[in-house]
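Dear colleague,

I am handing over the structure below, and after it you will find a short account of what was found. Please keep it open while you read.

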Amino acid sequence: MFRILKDKILGTNNRKQPNRTKDIKLTKSLEKNIEAFKKVIEPNETIIFRRVESRDWNNLKCCMIFVDGMVDKTDIHKNIILPIMKAAAPQKLEMGMIDILEKKIINASDVKKEKDANEMLMSILSGNTIVLVEGFTESLIIDTKGWEQRSITEPSVEQVVRGPREGFTETITTNLTLIRRKILSPDLKFEFKEIGVRTKTKVCICYMETLANEKIIKEVNKRLDDIQIDAILESGYIEEFIQDEPLSPFATMGNTERPDIVAANLLEGRIAIVVDGTPIVLTVPYLFIEYFQANEDYYNTFIFASFNRLLKVFGFFLTTSVPAIYVALVTFHQEMIPTPLLLSISAAREGVPFPTIVEALMLLLAFEILREGGVRLPAPIGSTIGFVGAIILGQAAVEARFVSAPIVIVIALTGISKFLVPKMMGPIIVLRLVFLFLSSFLGLYGYIFGVIGLFIHLMAIRSFGIPYMTPIGSLKMQDIKDTFIRAPWWYMYYRPKLIGDKNPIRKKDSKIPEKR
């Protein structure tokens with residue numbers, strides 16, 4: 001229902017946008033063709049028109065059109081301009097002049113003939129060079145891309161102690177190469193699309209042909225084809241358009257900057273969506289358990305990895321539930337608190353003018369302000385301001401009797417626990433507030449109702465047709481081998497259920513049954 005309403009609001013109605021390339025009418029006159037392109041492109045001083053003629057072949061007259069700053073000028077000079085200028089007239093024309101240019105004169109690995117003016121213009125704006133030839137209505141498109149790009153570095157957000165240090169960049173060809181280097185298999189397929197009426201952003205769908213579910217591949221293609229928008233500047237645009245349950249705080253699409261994570265997901269039967277211009281790659285389907293999984297879990301021993309996962313689960317419970325439980329106990333269920341602790345809390349709250357719920361909300365808001373401010377500042381300054389600000393504000397608030405000391409401890413534990421599950425920041429903030437308000441009105445009963453509602457919501461979510469809580473709750477050992485604990489590699493011989501069912505066996509062993 002929401003997807004239909006969204007389509008009506010966003011106007012996915014195939015309305016045609018004006019196309020200025022219809023004004024380009026190519027003829028056999030080189031000068032007229034140049035003027036036709038200038039009429040559409042100019043004023044734009046970054047687009048270069050370079051006329052070239054052969055010294056010995058009088059009839060060979062060309063014009064190269066390219067964007068300054070997006071091409072390798074050395075490549076153009078050595079492999080296009082010089083060969084054309086030095087080209088000698090053949091004694092006998094066995095093929096057309098433009099075919100001779102393509103096959104015998106221009107030194108380039110990627111050259112193709114093109115008759116469509118729209119495709120020519122898009123090629124120029126993409127960093128290619130087109131060659132217009134006197135006497136022909138078609139041109140040659142030559143791959144000469146050569147703009148400056150960021151080098152491959154380790155992602156600052158997903159750093160690891162053990163594991164590969166390379167991360168994606170903003171160039172789609174580089175990112176696809178990083179994935180291809182991890183999976184040297186002909187089963188790895190790349191499907192390209194252009195999304196964005198004006199930006200023409202290149203998007204690539206990556207999957208393993210023998211592992212990925214055809215229904216999910218078709219659904220991904222369908223949702224991408226339904227996107228009608230002027231611009232796609234980052235993968236977040238696409239994520240918001242095609243995700244399931246857009247009103248839920250929980251993500252139904254994964255995102256990462258690490259090639260090893262994408263490769264591991266592809267080998268489990270998932271699909272990756274690579275967008276040009278961003279280092280963030282999307283993966284589908286995305287399940288709830290993936291919030292607690294990290295690539296480093298598979299590089300360390302299974303005992304240490306399992307301990308870390310259980311620690312993350314415990315941190316998720318602390319950061320969402322501790323404030324709500326504290327408010328419920330202090331406000332409604334004092335009899336459940338040990339007497340010495342209750343007396344200590346009562347003494348600390350003496351003179352505090354606000355109820356416990358207001359104390360919690362004020363400190364949570366202050367903590368989120370410090371966190372957001374620290375993120376936006378340079379790393380050394382941001383971390384310093386975050387720690388120092390929290391200490392100073394907490395101590396000053398307690399001394400001024402705005403809040404009590406126990407609530408400061410509760411909120412500090414809550415804030416620190418949140419960093420154990422960094423990709424769940426949004427859901428954690430929402431759940432924390434929901435549980436807190438329910439507990440402030442109904443005590444522990446409100447908290448329990450909130451937890452029940454959370455489980456019902458999670459069970460109802462699907463990610464591209466796959467139940468969100470898969471495989472949590474399964475009674476089969478093979479299904480829970482990689483959930484809140486990680487089993488040894490020699491025991492994980494099946495791929496995730498429902499995702500990798502097309503080819504479920506991960507290990508080549510005749511003793512392993514085909515069915516789970």
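Which residue in E9 does Val-203 stand opposite? Val-203 stands opposite Val-275 in E9.

Before going on, please note that this is a predicted model, in which local features need pLDDT of at least 70 and side-chain atom pairs count only at pLDDT 80 or more, while totals for chains, interfaces and linings use all residues. Residues are numbered from 1 along each chain as its sequence is written, and side-chain values use heavy atoms, with hydrogens and water left out.

Strand E7 (residues 201–208) pairs with E9 in the antiparallel sense over 4 bridges, where strands are DSSP runs of E, at least two residues long, numbered from the N terminus, and two of them pair if DSSP finds at least two bridges between them. E9 also pairs with strand E10 (residues 281–284), again in the antiparallel sense, over 3 bridges, and there Val-284 is the bridge partner of Ile-271. The hairpin of E9 and E10 has 5 residues between the strands, and in it Gly-277 takes a positive phi near 100 degrees.

Strand E9 (residues 271–275) is mostly covered, as 5 of its 5 residues are buried, meaning under 20% relative accessible area with a 1.4 Å probe, protein chains only. Ile-271, Ile-273 and Val-275 lie on one side of E9, with Ala-272 and Val-274 on the other.

Arg-495, in the segment after strand E12 (466–467), is also buried. The side chain of Arg-495 reaches the backbone oxygen of Leu-267 at 2.8 Å.

Best wishes

Methods:
Buried < 20%, exposed > 50% of the residue type's maximum accessible area, 1.4 Å probe, protein only. Lys, Arg positive; Asp, Glu negative; His and termini not counted. Salt bridge = Lys/Arg side-chain N within 4 Å of Asp/Glu carboxyl O. Polar contact = N/O pair within 3.5 Å; in protein donor to acceptor, adjacent residues only side chain to side chain.
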